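Please look through the sequence and the model shown below before reading on.

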Amino acid sequence: MNIHFSEEQRLLQEAFHEFAKSEVAPNAAKWDEEDRCPTELFPLMGELGILGIFVPEEYGGVGLGHTERVMALEEIARYSGGLAMFVFTHQLAMSAILEYGTEEQKQKYLPELCAGTKIGGLAVTEPGGGSDVAGQTTAAELIDGKWVINGRKCFITNSHVADLALITAKTGKDAKGRNQFSIFLIEKGTKGFAPGRKEHKIGLRGSVTGDLVMNNAEVPQENMIGRQGEGTAAALKTIGEVGRASMTAICVGILRGCVEESVKFANERIEYGKPIAKLQAIQFHIAENRVDYEAARALLYKAATLKDEGIPVTAEFSTAKYFATEAAVRASKRTIELMGGYGNIKEYPAERFLRDSISAIASGGTSEIQKIIIAGDTIKNFS
């Protein structure tokens, strides 16, 4: 089950695997049960280079690429989709700063984010709808040399643990009267800025999700990320490439879990004097899990490789996310069916795989949004 990685990538994969086996696997069920975000692991992941693996060395990173980044997320999500969600949302903030931030912003924030001594997040979704980016109501007004921000973001991962959050807000209108948005970096402790409601999710537990509230939050002018009025394009590209790549990686990890757990159970479960792995119906389930895993993984690493080559890959990651999230739901359901009554017991991870994969569909754009993106790109490029 190996993509043709370089020797360096293969060694990295082994290191990520060992980390996941030793630090994640023994605790994943407990984090899920308690819905606890294991922030104590962040400095260790920073030390191992997982957090800043795609960030240049001059900013405290490892200087590799997004292929290696999703490789690490796959290994983590094999055991804990929630922890992988926590990590990649942190990386969303890092990616936006890296691509759109000033040199001063990169030097100030990226080293601590890479080291895991500070936690980041990206907040776009609002109560009025996650996919209606143009309909956001959070607004920023420049008053006496500071941006004063009012509004509420919801369903934000890392909401209650982040030391800094990148948020989108209206900052004016263009020549045609359409709202323009910008991105602002708000640090924890800023007056008028605080987490609100904490959500209790069915899946991807172990990552914190909730509201962020801005009530006359004052932000220095130098905390704008990128140019004024260009926040929508920057946020959509960050979510479309980095975010959807990450959700795909999480589901690839879940799919691998489905393959491995179904094989393990089928070999160990004895019915009528022999392992159920000998039964053709069970073999069909295992085969279908394997096909879904291999296909999703191929789509993920193809898109990640293209991104590392500097090629725009929004449609490729939409394709990968759509397939992987839906496939993870199918495979989780199959694995539960294969295990019979045991599949419904929390002692086994199959039920967690199903809850996590269902939750993954909505994150970074639903399957319907992905199909709209895929269709638009297909009509444009396959005519």
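## The nonpolar cores

Which residues have the most contacts inside the largest nonpolar core? They are Met45, Leu83, Ile97, Leu110, Leu166 and Ile250, and the core they belong to has 81 residues. A nonpolar core is here a set of buried Ala, Val, Leu, Ile, Met, Phe, Trp, Tyr and Cys residues joined through side-chain atoms within 4.5 Å, where buried means under 20% relative accessible area, exposed means over 50%, and partly exposed lies in between, with a 1.4 Å probe and protein chains only. The largest share of this core, 14 residues, comes from helix H7, residues 231-268. Apart from this core lies another one, of 16 residues, among them Ala169, Ile186, Met214 and Ala217.

The model is predicted, so that local features need a pLDDT of at least 70 and side-chain atom pairs count only at pLDDT 80 or more, while totals for chains, interfaces and linings use all residues. Residues are numbered from 1 along each chain as its sequence is written, and side-chain values use heavy atoms, with hydrogens and water left out.

## Helix H7

Helices (H or I, at least four residues) and strands (E, at least two) are DSSP runs, numbered from the N terminus. H7 has 38 residues and reaches 53 Å from its first C-alpha to its last, which is close to the 56 Å expected at 1.5 Å a residue; the expected span is 1.5 Å times one less than the number of residues. A kink of about 30 degrees is centred on Ile239, the bend at a residue being the angle between axes fitted to the seven residues ending there and the seven starting there.

H7 is mostly covered, since 29 of its 38 residues are buried. Not counting residues up to four places away in sequence, Ile250 touches Ala77, Gly81, Ala84, Met85, Phe88 and Leu204, where contact means heavy atoms within 4.5 Å.

## Phe317 in helix H9

Phe317 has its place in helix H9, residues 314-339. Is Phe317 buried or exposed? Phe317 counts as buried, because its relative accessibility is 1%. Leaving aside neighbours within four places in sequence, Phe317 is in contact with Gly240, Glu241, Arg244, Ala245, Thr248, Leu300, Ala303, Ala304 and Lys307.

## Domains

The protein is divided into domain 1 (7-118), domain 2 (122-227) and domain 3 (233-381), with bounds that come from an automatic or database domain assignment. Taken over C-alpha atoms, the centres of domain 1 and domain 3 are separated by 21 Å. The contact between these two domains takes 28 residues from domain 1 and 32 residues from domain 3.

## Cysteines

How many disulfides does a search of the whole structure find? The search finds 0 disulfides, a disulfide being a pair of cysteine sulfur atoms within 2.5 Å. Cys37 is in no disulfide, and the nearest cysteine sulfur, that of Cys114, is 18 Å away. Cys37 is buried, with a relative accessible area of 9%, and Cys114 also counts as buried, at 2% relative accessibility.

## Two residues with positive phi

Most residues other than glycine have a negative phi. Phe155, found in strand S3 (residues 146-157), has a positive phi of about 55 degrees although it is not a glycine, and Phe155 counts as exposed at 55% relative accessibility.

Tyr272 lies in the loop between strand S9 (270-271) and strand S10 (274-275). Phi of Tyr272 is near 55 degrees, a positive value in a residue other than glycine, and Tyr272 counts as exposed because its relative accessibility is 81%.
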